[in-house]
Amino acid sequence: MKNISYSQYSQWAVCPYRWKLLYIDKLGEWTDNIHTLFGTSMHEVLQTYLTVMYSDTIKDADKLPLDQMLLYRMKENYENILNKNGGVVICEQYEMEEFYRHGLVILDWFKKKRGMYFSKKGYELVGVEVPIKYKLPSGINFIGYIDVIIRDVLRDKHKIIDIKTSTMGWNKWQKADKNKTDQILLYKQFYGKQNNISLDKIDVEYFIVKRKLYEKVDFPQRRVQTFIPANGTPSINKVTNNLKLFIDECFSGKEHNTSHTYRKIPSKKNCRWCEFNQTEYCDEGIK
């Protein structure tokens, strides 16, 4: 059975030709960096806090040595990346120290303000890293993991929460970027179908933790930003139809479609971080 993830779909949505180079020609390699390392580590610490809070007590969760936990997870994830990459260093020590200091500030703020975002009164934790494996009509599985799911016991409503780490939060352009926000819509769709839950019983939210705050501003700033994208039936149908287009174009049965001519979509935004830009593989990119 062929499995696809949102990452695959989003690569195609940005530039089908880049998707072809990555997944059919297998030319690119995923490389971790300090941002992905920090993001993974922060996810793990926050998920542990919420697990203890809902399964035990808030007091027990507050007693957790979050600073030590973050340091341990960052070291462990760094070692895992080193082993996976054959010893290739992905960041310098000063970067690890800087990001760790930012993490301490985030966790301290989160503990103090936790009640603004998570409550035990009338709520329960469904799970963290909740797996999705939904069989699409084409016979291909869509797979993924939901960071956090909270259930409102009184209203019998589920909330899917996707944790994101960001330098200074999402601006209006990032919030408007469908390739950035559609992931949680597909999670809502397939989680609902997988568990026979009506879509009107599922809410979604991006939980964005910020490493830095703006300087010299007159308004109060929070270390956590929440964002709820449009997630009604029209929005979900649109991204579901786009996913179908992706599968129809890129797969022949359960195998990759190697005979299709994949489009190049050059732009400053698309080409900026593309490893194939201005190389022998793509001469239509933008510097």
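Rings of Phe, Tyr and Trp (its six-membered ring) are taken to pair if their centres lie within 6.5 Å, with planes under 30 degrees apart counted as stacked, over 60 as edge-to-face and the rest as tilted. The model is predicted, so that local features need pLDDT of at least 70 and side-chain atom pairs count only at pLDDT 80 or more, whereas totals for chains, interfaces and linings use all residues. Residues are numbered from 1 along each chain as its sequence is written, and side-chain values use heavy atoms, with hydrogens and water left out.

Ring pairs join Tyr-6, Tyr-9, Trp-12, Trp-19, Tyr-23, Phe-246, Phe-251 and Tyr-262 into a cluster. The count of aromatic pairs comes to 22. One of these, between Trp-109 and Tyr-117, is tilted, at 6.2 Å centre to centre and 45 degrees between the planes. Both Trp-109 and Tyr-117 are buried (under 20% relative accessible area, 1.4 Å probe, protein chains only; exposed is over 50%, partly exposed in between). The pair of Phe-110 and Phe-207 is edge-to-face, because the planes stand at 90 degrees, with ring centres 6.2 Å apart. This pair links distant parts of the chain, 97 residues apart: Phe-110 belongs to helix α6 (residues 93-113) and Phe-207 to strand β5 (residues 202-210). Helices (H or I, at least four residues) and strands (E, at least two) are DSSP runs numbered from the N terminus. Phe-110 and Phe-207 are likewise buried.

Charged ends also sit over rings (NZ of Lys or CZ of Arg within 6 Å of the ring centre and within 35 degrees of the ring normal). Arg-211 is placed in this way over Phe-99, 3.9 Å from the ring centre, and Lys-264 over Tyr-17, 4.6 Å from the ring centre.
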